[in-house]
Structures are given as C-alpha cells and as structure tokens.
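Reader: I've got a model open and I'd like to learn how to read it, feature by feature. Where shall we begin?

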Amino acid sequence: PPPPPPPLPPPPPPLPGPEPTVREVLGHALLGLEQYADTLIGEGFDDVGFLLTLTFEQLKEDATTYGRMKQGHAHKFAKHFREAAAAEAAAETLDESDSDGDLWADAVSSRPVVA
C-alpha cells in the first residue's frame, strides 16, 4: 500500500484584530499587488482566513493559476501574505480604537503629567 500522506501543517495563529479583506492585504505596502485583487476575488479567493491556511507553495501556485500573477509577484505574494494580513488586522484594530482620529493625542493626554 502507498505511504500515508504527510500531516497537515498546524493552523495559523489568529490575526491580531478584525480580519482584513483580500483587497486590503494585497494593497499593503509589503505587497503592493492590489492590481490582482479583482482577479483573485473573482476566482473565489475572497477569504483571508482561508488563504492563511494555505502553504507557501499553494499560495504561489494559486496566485499564478487563478490570480494570473507574474511569477515574481506570485513569489512575493506567497512570501509576505501572512505578514501583510497580520499588519492590516493590527492597523484595523488601531483604527477601531481611535474614535476621534487622533490616537497619538489620546495616548499622550491620558498619561499623567509629571512636574
């Protein structure tokens, strides 16, 4: 009989905040690949949580096959997707906690004044 398939990799750690959209992750400065958003989303790759479960090789293959990315862009996408998704989620968490749009001023004003 053939050997059993290799075990699946462990699930990715949860994102640090609300799940960003595929378009937001592709547009992150680490990637700069927003031109592929419509194609990937149109092919059903619209769930960041699902994409985070894919291996490097699966991300790269799907990016070229379904996202029609150039080879270099697909490699960049596969290499930095998780990091960009986490950064986007963290940024959304900051945005949500900054009700008046000035998180820095809020942080500074809440610190005690030392004379």
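This is a predicted model: local features need pLDDT of at least 70, side-chain atom pairs count only at pLDDT 80 or more; totals for chains, interfaces and linings use all residues.

Reader: Is glutamate 88 buried or exposed, and which side chain of opposite charge is nearest?

Author: The general idea first: side chains of opposite charge can pair when their charged atoms come close. Here, glutamate 88 is buried but has no salt bridge, and the nearest side chain of opposite charge, arginine 23, is 11 Å away. Setting aside residues up to four places away in sequence, glutamate 88 touches Pro20, Glu24, Val25 and His28.

Reader: OK, and how many salt bridges does the structure hold?

Author: Two. One joins arginine 23 to aspartate 38, with the closest N and O atoms 2.6 Å apart. Arginine 23 is in helix H1 and aspartate 38 in helix H2, so this pair ties together parts that are 15 residues apart in sequence. Check the accessibility too: arginine 23 is partly exposed, at 40% relative accessible area, while aspartate 38 counts as exposed, at 56%.

Reader: And which residues form the other pair?

Author: Glutamate 43 and arginine 68, whose closest N and O atoms are 3.2 Å apart. They link distant parts of the chain, 25 residues apart: glutamate 43 is in the loop between H2 and H3, arginine 68 in the loop between H4 and H5. Glutamate 43 is partly exposed, with a relative accessible area of 37%. Arginine 68 is exposed because its 51% is over the 50% cut-off.

Reader: What about the backbone: what is phi of arginine 68?

Author: As background, most residues other than glycine have a negative phi. Arginine 68 has a positive value, near 55 degrees.

Reader: Let's go inside. Which residues of the largest nonpolar core touch the most other members?

Author: In general, nonpolar side chains tend to be buried together in soluble globular proteins. In this model the largest nonpolar core has 22 residues, and Leu26, Met69, Phe77 and Phe81 touch the most other members. Helices H1 (22–27), H2 (37–42), H3 (48–51), H4 (56–65) and H5 (71–97) are the elements that give two or more residues to this core. H5 gives the most, with six.

Reader: Which residues does methionine 69 touch?

Author: Leaving out residues up to four places away in sequence, methionine 69 touches Leu26, Leu33, Tyr36, Leu40, Ala63, Thr64, Ala74 and Phe77. Now look at lysine 70, in the loop between H4 and H5. Lysine 70 counts as exposed, at 58% relative accessibility. Beyond its neighbours within four places in sequence, lysine 70 is in contact with Tyr36 and Thr64.

Reader: Last one: which residues of H4 are buried, and which exposed residues are on the face turned away from them?

Author: The buried residues of H4 are Leu59, Asp62 and Ala63. They cover an arc of only 105 degrees around the axis, so they lie on the same side of H4. The face turned away from that buried side carries the exposed residues Glu57 and Glu61.

Key. Residues are numbered from 1 along each chain as its sequence is written. Side-chain values use heavy atoms; hydrogens and water are left out. A nonpolar core is a set of buried Ala, Val, Leu, Ile, Met, Phe, Trp, Tyr and Cys residues joined through side-chain atoms within 4.5 Å. Buried means under 20% relative accessible area, exposed over 50%, partly exposed in between (1.4 Å probe, protein chains only). Helices (H or I, at least four residues) and strands (E, at least two) are DSSP runs, numbered from the N terminus. Contact means heavy atoms within 4.5 Å. A salt bridge is a side-chain nitrogen of Lys or Arg within 4 Å of a carboxyl oxygen of Asp or Glu. The arc is that of the directions from the helix axis to the C-beta atoms. Lys and Arg count as positive and Asp and Glu as negative; His and the chain ends are not counted.
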